[in-house]
Amino acid sequence: MNPSVSQNAFVIGVDVGGTKVAAGLVDYKGAIQSHVKGPMVANAGAAAGLEAVKTVIDQVSSATHAHDSIRAIGICSPGPLDPAKGIVINPPNLPCWRNFPLASEISRIYGVPVKVDNDANAAALAETLWGAGRGYRNVFYTCMGTGIGTGIVFDGCIYHGRTGAAGEGGHMSIDYRGPRCGCGKLGCIEALASGPAIARRAREALSKPEEHSTMLELAGGSLENINSHIVGRAHAAGDPIATRILRETVDVLTVWLGNIVDLLEPDVIIMGGGVASMLQPFFSSIQEKLPQHCINSRCQEIPIVSAFYGEDSGIAGGAALSSQRLAASLRM
């Protein structure tokens with residue numbers, strides 16, 4: 001490896017959301033050297049959306065004087081998208097882009113290779129290369145927050161399936177009579193264990209007049225103000241109803257992860273996102289109960305660990321998509 005190249009070779013990771021877009025300068029070790037955030041213009045047409053992405057890329061490269069050191073750009077975008085062609089198809093929260101060739105447009109502007117994928121796939125790759133999955137061959141990653149996203153990495157490569165639509169583990173149903181998910185199916189794990197699902201169960205529990213909980217006090221006396229963060233705070237304070245709700249969440253997650261193990265038998269399960277952080281003290285309980293929901297007799301050998309990257313998983317994930325280009329530059 002040429003030391004001068006390693007010190008001056010970077011990729012830019014971009015994380016595009018419905019309301020914000022962030023970009024970061026990432027080195028060959030997966031360290032985010034600097035990052036910026038800006039508003040995403042989601043409702044003003046394709047050109048305005050592209051300009052929002054260009055703005056943060058320009059800002060992060062100008063702030064670090066890294067224009068001549070950028071080897072590639074990787075972008076996390078909401079799906080549906082085509083990762084092979086870098087086309088954003090029709091994401092509900094990005095109406096500005098419909099069959100938009102995001103990768104080719106950014107590549108045209110900056111003259112470097114560009115990769116595009118969804119956030120969970122990209123974050124799974126970042127964890128595999130640089131984070132909690134480093135050293136493992138086959139990785140299952142889930143990000144649990146407002147929704148539940150998943151990514152699958154086999155032998156260092158994202159598993160995309162036939163058309164690029166694989167890996168939607170958050171929409172695996174574990175109860176065909178369960179609540180309707182935003183995707184339209186019944187009983188998806190997202191509808192049962194995401195942040196909004198946890199908050200919904202808390203509100204349902206407290207709607208019964210005989211139930212009393214500190215959650216209501218934390219919510220200012222309003223059921224509508226209860227969210228998963230309040231449930232977590234109440235549990236930490238010893239509230240029995242909040243604890244019951246989190247244990248119910250852990251139970252459905254264990255059923256789901258038992259299915260994942262039986263289907264994929266990964267080397268490691270990585271859990272990221274705000275809900276996963278809140279449930280981290282229950283990881284040992286999931287592992288203990290896993291044999292009840294899994295036919296794999298060695299399921300408890302699979303570690304369940306917290307993700308390395310937190311809020312910046314989208315930036316790291318974007319960079320991971322283009323990490324091969326960076327690695328190639330380091331071998332020059």
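Start with the charges: the chain carries 26 positive and 29 negative ones, and their mean positions are 4 Å apart. For this count, Lys and Arg are positive and Asp and Glu negative, while His and the chain ends are not counted. Each charge is placed at NZ of Lys, CZ of Arg, CG of Asp or CD of Glu.

A word on the ground rules. This is a predicted model, so to speak of local features pLDDT of at least 70 is needed, and side-chain atom pairs count only at pLDDT 80 or more, while totals for chains, interfaces and linings use all residues. Residues are numbered from 1 along each chain as its sequence is written, and side-chain values use heavy atoms, with hydrogens and water left out.

Now the overall build. The chain has 13 helices and twelve strands; these are DSSP runs numbered from the N terminus, with helices being H or I over at least four residues and strands being E over at least two. The radius of gyration is 21 Å, close to the 20 Å that the globule rule gives for 332 residues, so the chain is as compact as a globular protein of that length. That radius is taken over C-alpha atoms, and the rule is 2.2 Å times the number of residues to the power 0.38. Along the principal axes, the C-alpha atoms fill a box of roughly 65 × 45 × 35 Å.

How much of the chain is buried? Buried residues make up 51% of the 332, where buried means under 20% relative accessible area, exposed over 50%, and partly exposed in between (1.4 Å probe, protein chains only). Among contacts (heavy atoms within 4.5 Å) with a separation of 6 or more, 62% are between residues 24 or more positions apart.

Next, the rings. A search of the whole structure finds four aromatic pairs. In one, the rings of W97 and F100 have their centres 5.3 Å apart and their planes at 5°, so the pair is stacked. Rings of Phe, Tyr and Trp (its six-membered ring) pair if their centres lie within 6.5 Å; planes under 30 degrees apart count as stacked, over 60 as edge-to-face and the rest as tilted. W97 is buried at 0% relative accessible area, and F100 is buried at 11%. F140 and W256 form an edge-to-face pair, 5.8 Å centre to centre with 70° between the planes. F140 lies in strand β8 (residues 138-144) and W256 in helix α9 (residues 240-264), so this pair ties together parts that are 116 residues apart in sequence. F140 is buried at 1%, as is W256 at 0%.

Finally, two partly exposed residues. C183 sits in the loop between β10 (157-158) and α5 (189-193), with 41% relative accessibility. Leaving aside neighbours within four places in sequence, C183 is in contact with H171 and C188. Q33, in strand β3 (residues 32-39), comes in at 44%. With neighbours within four places again left aside, Q33 is in contact with F10, L25 and D27. Q33 and F10 are 23 residues apart in sequence, and their C-alpha atoms are 9.3 Å apart.
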